[in-house]
Amino acid sequence: MTQLKVKAGTKPEMAVEERLKALILAGLDGDDSAYRSFLNELSGRLRAYVRKRLFHLQDEVEDIVQETLLAVHNARHTYRADEPLTAWVYAIARYKLMDFLRMRSRHDAFNEPLDDYVDIFSSADEEPANDAKRDVGVLLEQLPDKQRLPIIHVKLQGLSVAETAHLTGLSESAVKIGIHRGLKSLAAKIRLFS
Amino acid sequence: MKTDEFISLLSTGITPVDPHVQRRSLSLALVLGAIGAILLTLIVFGMRPDIREMLVTPLFWFKVSFPSAVAIASLLLLIPLSRPGTRNISARLWLAPSGPILVIWIAALASLALAPQTERMNLIMGFSWRTCPFNIAFLSIPLCVTITWAVRQLAPTRLRAAGAVAGLLAGSVATMAYCLHCPEMGIPFWGIWYLIGMLIPAVLGAIFGPALLRW
């Protein structure tokens, strides 16, 4: 946090703050594309922030970046235009990072860390679609409904999030969370099988 | 999932966000929780029989103003604590709940100093000191539920502090409701037993906040 205060005084950081703030405020009014650029630029900043603080765990960085983006998304109604965006975002990033480290130190006693799930996913992209689909079908069966259905509808059948929410009776953010968590545990399962 | 894909997933089909969620959920929580606490007071303990007379007694309103002031101070603290990024809560705001406590303690000392020796023990212990704090903690249950619900709609990042302040808010509003029943009129009694009653949910909030408010 101290580092942030120093940075906030310099000009380029203020420009970023102002640009991101304009984007999120437009996003809060329902502008998708502004919101997408906000999340895109934010993800770069978050990645740098997390990477710097997790030098032993580089493989977890992308995971925490996504968890933090999801947290920012779910907490977006708590942002107030009269407050600095930097402080708001970094409070969330810090919270998610601490949460991750706490969970990890608890789990480490029992589990081998899941290190390179990001790599596994990028290599799976190059597999022919048919093969991947068959494998995923088996693995999907093992997921709970609220993760499996969103993945099937959105990722395999190409429905929109809103349509899936309507079909399954889940809320839109539950669909998004289901896909996120479901793909994560699929990645873990794929790792177990290979 | 790649982060790019994840971002388009999050940003697709978003709807405008209601900027008043915080105000609305906290006020709903306070209203519903307070109704719950008042109903419990009336059903379980009963209204004090001399309430009509009390409504025109300044000392009664002084008594009600003590938990009310604690409630206002803790609400002012809970608002920033239930959102991310307000780490710089001023020291004055942190200390706000202690203001009414100090006032009541000074008034208590004054009333003890003025009272005859034989009356002092009565002023401190009243006749319900054994049950009073637990009655208040009991009345705070509906408020604890509704306030926890409201804070969970938001995004606290300092869970222990948010839990403690939410508990204090629940306890102080419960104490306001308890004033409808409690016949104790000794200022030292309020300064000790009402305060303990308000602190029970606050301590429980500090203990369970991290588990209950995690998101």
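The secondary structure of chain A consists of 10 helices and 0 strands. Read along the sequence, its elements accordingly follow the pattern α-α-α-α-α-α-α-α-α-α. Chain A has 194 residues, of which 30% are buried. When contacts between residues at least 6 apart in sequence are considered, 58% of those in chain A join residues at least 24 apart.

Chain B comprises 11 helices and 0 strands, and from the N terminus on its elements run α-α-α-α-α-α-α-α-α-α-α. Of its 215 residues, 44% count as buried. Along the principal axes, the C-alpha atoms of chain B fill a box of roughly 75 × 35 × 30 Å. Among contacts in chain B between residues at least 6 apart in sequence, 88% link residues at least 24 apart.

The confidence of the prediction was examined for chain A. The average pLDDT of chain A is 77, and 76% of the residues score at least 70. Among the elements of this chain, helix 4 of chain A has the highest mean pLDDT, at 90, whereas helix 1 of chain A, residues 2-8, has the lowest, at 45. Residues 1-9 of chain A have a pLDDT under 50 throughout, and the model gives this stretch 5 contacts beyond four places in sequence. The pLDDT is also below 50 over residues 116-133 of chain A, a stretch with 14 contacts in the model beyond near neighbours in sequence.

The contact between the chains involves 34 residues from chain A and 24 residues from chain B. On the side of chain A that touches chain B, two or more residues come from each of helix 2 (11-28), helix 3 (32-53), helix 4 (61-74), helix 5 (85-107), helix 9 (161-168) and helix 10 (172-193) of chain A. Helix 3 of chain A gives the most to this side, with 6 residues. By class, the side of chain A that touches chain B contains 16 nonpolar, 10 polar and 8 charged residues.

Two packed helices are described by the angle between their axes and the distance between the axes. Across the two chains, helix 3 of chain A packs with helix 1 of chain B, residues 3-11, at an angle of about 145°, and their axes are 9 Å apart. The crossing of helix 3 of chain A with helix 1 of chain B is right-handed. Helix 3 of chain A contributes A:Asp32, A:Tyr35, A:Arg36, A:Leu39, A:Asn40 and A:Ser43 to the contact, while helix 1 of chain B contributes B:Thr3, B:Ile7, B:Ser8, B:Leu10 and B:Ser11. The residues of this contact divide into 4 nonpolar, 5 polar and 2 charged.

Two buried residues of chain A were considered individually. A:Val65 is found in helix 4 of chain A, and A:Val65 counts as buried because 24 C-beta neighbours lie inside 10 Å. Leaving aside neighbours within four places in sequence, A:Val65 is in contact with A:Ser43, A:Leu46, A:Arg47, A:Val50 and B:Thr3. Among these partners, A:Ser43 and B:Thr3 also take part in the contact of helix 3 of chain A with helix 1 of chain B. A:Val65 and A:Met98 are 33 residues apart in sequence, with a C-alpha to C-alpha separation of 13 Å. A:Tyr49 lies in helix 3 of chain A and likewise counts as buried, because it has 21 C-beta neighbours inside 10 Å. The C-alpha atoms of A:Tyr49 and A:Leu28 are separated by 24 Å, and the two residues are 21 residues apart along the chain.

Within chain B, helix 8 (residues 132-139) and helix 10 (residues 159-178) pack with their axes 8 Å apart, at an angle of about 110°. Helix 8 of chain B is therefore roughly perpendicular to helix 10 of chain B. Their crossing is right-handed. The contact is formed by B:Asn135, B:Ile136 and B:Leu139 of helix 8 of chain B, together with B:Gly171, B:Ala174, B:Thr175, B:Ala177 and B:Tyr178 of helix 10 of chain B. By class, the residues of this contact comprise 5 nonpolar, 3 polar and no charged.

Terms used. Residues are numbered from 1 along each chain as its sequence is written. Chains are lettered from A and ligands numbered from 1 in the order in which they are written. This is a predicted model: local features need pLDDT of at least 70, side-chain atom pairs count only at pLDDT 80 or more; totals for chains, interfaces and linings use all residues. Helices (H or I, at least four residues) and strands (E, at least two) are DSSP runs, numbered from the N terminus. A residue is buried if 20 or more other C-beta atoms lie within 10 Å of its own, exposed if 12 or fewer, and partly exposed in between; C-beta atoms are placed from the backbone. Two residues are in contact if their C-beta atoms, placed from the backbone, lie within 7 Å. Ala, Val, Leu, Ile, Met, Phe, Trp, Tyr, Cys and Pro count as nonpolar, Asp, Glu, Lys and Arg as charged, and the others, Gly among them, as polar. pLDDT is the predictor's confidence in each residue, from 0 to 100. Axes are lines fitted to C-alpha atoms, for helices over the stretch in contact, and angles run from 0 to 180 degrees between N-to-C directions. Angles under 35 degrees count as roughly parallel, over 145 as roughly antiparallel, 65 to 115 as roughly perpendicular and the rest as oblique. A crossing is left-handed if the near helix is turned anticlockwise from the far one by less than a right angle, and right-handed if clockwise.
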